Amino acid sequence: MEKNLAGNYGSFFARSIARRDDRYNHEDAGDEPPHSPMEESTESDAKLDTISESESQPPPDEGGEDNAEEGSENKEEAAVEDVIDDPLLSLEKAHEDMDQFLATMKEKEEASVEIPVFLEKFLDLVEDKIARYDAGDERAKDDSSLLEAMSRISSLMKNLETQNQPEPLINRIGSIHQRAMAYLEEDFRLLMEQYRNATESDPGGHDHKGKHVEEQPQEDSENPPEESEPDFPGYSEETIGSLKEIAGEMFAGGYQSECCQVYITARRNAFDDAMQKLGFEKFSIDEVQKAHWETLSREMIPSWINTFKQCATVYFPGERRLVDEVFANQPELAAGMFSNLCRGAVIQLLNFSEGTAMTKRAAEKLFKLLDMYETVRDVIPKMDELFSEDHVAEELKTELNLAKSRLGEATISIFGDFENNIKSDTGKTPVPGGAVHPVTRYVMNYLNTSGDYKETLEQVFKEHSKIERADSTSRPPIAGRENRGQNGKEDEKEASSPFTAQVMRVMDLLDSYLDSKAKLYKDPSLTAFFLMNNGRYILQKIKGSSEMVQVMGDNWCRKRSSDLRLFHKDYLRDTWNNRVLKTALNHEGLTQNGKVHKPTLKERFKTFNAMFDEIHKTQSSWVVKDEQLQSELRISICAVVVPAYRAFLAKYSPVLDPGRQTEKYIKYQPEDLETYIDELFDGKPHQSIAKRKT
């Protein structure tokens, strides 16, 4: 232990603790029994005599007794100086005398105790030791006797408070005690700052997110090591033991506030360094509100989330372990210091959260706010485990719950604004080619992403159900398809899940919106095509998300599929059945008196050619991005048109004269129709078929 502590910033007190523990181990083995003050005094005198005899004797003086007395005094002074120069010999022996003297003072309590002679010598030795330490004497720094002397001086100070002793003596002891505690405080500070050394000497690095990065040989790049948690708080077990010991001595000496102040300052700086390495910077609420959303969403919020999670899982638990070990004898004080330390970091994080929640509402902010909500929600139980029941801890818990509530309120508000954005689009220009409307894509992508946060949104809407109910009572009913979403199970789901009710309301609002946009088309077939195209997109988006399927329910999906089939039939009817089959390929009116009327037949072929050419030219520019729907449409058109045309052609083509007449009126074979139908709905306008054939 001594060897390890010797490397800790050259810390005198760390080495002192090791030496003292080592000496106590020898004493436990029974090397030497304690001596009484009187016995020690006798031994000290004997040592002085021995030392004085060993010195070179001055030449005999015929002066007699005066010279003898003067020589004796000189010898004693020299002996004392030699003893003072040998701290291991004198100060450690003085400790034993002091222990017995302190025990005597404790027994007599308030009774006045006579101050022994060796006390002055003890104080001289301690002052000399402090002077050596102050001068940078390495021998003094490596000696454990000064640390032991501090404990005894602290005890002496307390005992003298009840004694009627000379004021100069008390003042001297107080001065020595103050100087010694100042050195102790400095050593405690040096040990506390060792976390910086551990960070600086770390061969690995940290990226701007605070993740540990190890340098690996190129040949091992395919199997990178697992990411390790940061070494926090970064002190060795020996250092923590030294901190605990020094803290105990400072508390015993009445320097609690100084010890706590050094600890809090060092650990607060450690927190600041850790948060900076994680990429989180201090921002006021106003600065967060003024920041560009792109900067917030791309850089600041991810850094905030990572920092908060790291604090809750690594830094705060590590700090709790450290403070509990260093101040093991003061558990209530340790809990209070921990709460105060964490309070600064938590308030910084919550200020950022509040500033973000107060930014201008916008639909694109919802999911980042939900990420922040989940972070605070998940952190709260961990913080509850770490914090005690003091008033600071209770304040932090309250602030955390308020921050979560504010983020939830911002989420509710954004969802309301999301509905208003749909209502506010009053454009009168239809989407070209009956394609999927941009609002449809926007709403469904938004709801699908919301499905990824289903559980969180359920929680948010339940917690804020009172606000939501108050808002819904003032919201007018949505006009639209009357039978959509009307079934018992859906109503039951809406009642049991506020989030589901919210999604259903958005879907009904979207249906009403699409109905209004479909009416902008003058061609009824394009109206049906537009509703079918958008309806298919909506259904596929819902089916593509297991969370949204749970939200909408099977009944809604079946009803939506039924609506799509109706739109499909409407398109076929308005485009092909009513226009082509009933007009151009109608068999009625072609025969007169049992014979085919050629002029009428020719007109029918011309009408079919013109209609098919027009439909092909127009609907080849219509857009269906869904390949399955595109294929289904083409197959259904072929199933309606090609058989009817093949039958018409087989029955009436022989009536026309072969040659030029047949080529003029019969421009398509059934196989040609299939080829041209396969060109529909790809969003690419094709040249007129008639021009291609010329």
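This is a predicted model: local features need pLDDT of at least 70, side-chain atom pairs count only at pLDDT 80 or more; totals for chains, interfaces and linings use all residues.
## Helix α27

Helix α27 covers residues 627–652, which is 26 residues. From first C-alpha to last, α27 reaches 37 Å. That is close to the 38 Å expected at 1.5 Å a residue.

Yet α27 has a kink of about 30°. The kink is centred on Cys-638.

## Helices α18 and α23

Helix α18 spans residues 438–452, and helix α23 spans residues 524–543. Their axes come within 10 Å and cross at roughly 10°. Angles under 35 degrees count as roughly parallel, so α18 is roughly parallel to α23.

Which residues of α18 make the contact? They are Thr-440, Arg-441, Met-444, Asn-445 and Asn-448. From α23 come Asn-534, Tyr-537, Ile-538, Lys-541 and Ile-542. By class, the contact of α18 with α23 has 4 nonpolar, 4 polar and 2 charged residues.

An α-helix has 3.6 residues a turn, so residues three or four places apart point the same way.

## Helices α14 and α16

Helix α14 takes in residues 293–326, and helix α16 takes in residues 366–386. The two axes come within 11 Å. They cross at roughly 10°, so α14 and α16 are roughly parallel to each other. Their contact holds 14 nonpolar, 3 polar and 5 charged residues.

## Helices α17 and α19

Parallel or perpendicular: how does α17 run relative to α19? Helix α17 (residues 391–424) packs against helix α19 (residues 454–463) at an angle of about 95°. Their axes are 10 Å apart. The angle makes α17 roughly perpendicular to α19.

On the α17 side, the contact uses Lys-404, Gly-408, Thr-411, Ile-412 and Phe-415. On the α19 side are Leu-457, Gln-459, Val-460, Phe-461 and Glu-463. The contact of α17 with α19 divides into 5 nonpolar, 3 polar and 2 charged residues.

Conventions. Residues are numbered from 1 along each chain as its sequence is written. Side-chain values use heavy atoms; hydrogens and water are left out. Helices (H or I, at least four residues) and strands (E, at least two) are DSSP runs, numbered from the N terminus. The expected span of a helix is 1.5 Å times one less than its number of residues. The bend at a residue is the angle between axes fitted to the seven residues ending there and the seven starting there. Axes are lines fitted to C-alpha atoms, for helices over the stretch in contact, and angles run from 0 to 180 degrees between N-to-C directions. Angles under 35 degrees count as roughly parallel, over 145 as roughly antiparallel, 65 to 115 as roughly perpendicular and the rest as oblique. Contact means heavy atoms within 4.5 Å. Ala, Val, Leu, Ile, Met, Phe, Trp, Tyr, Cys and Pro count as nonpolar, Asp, Glu, Lys and Arg as charged, and the others, Gly among them, as polar.
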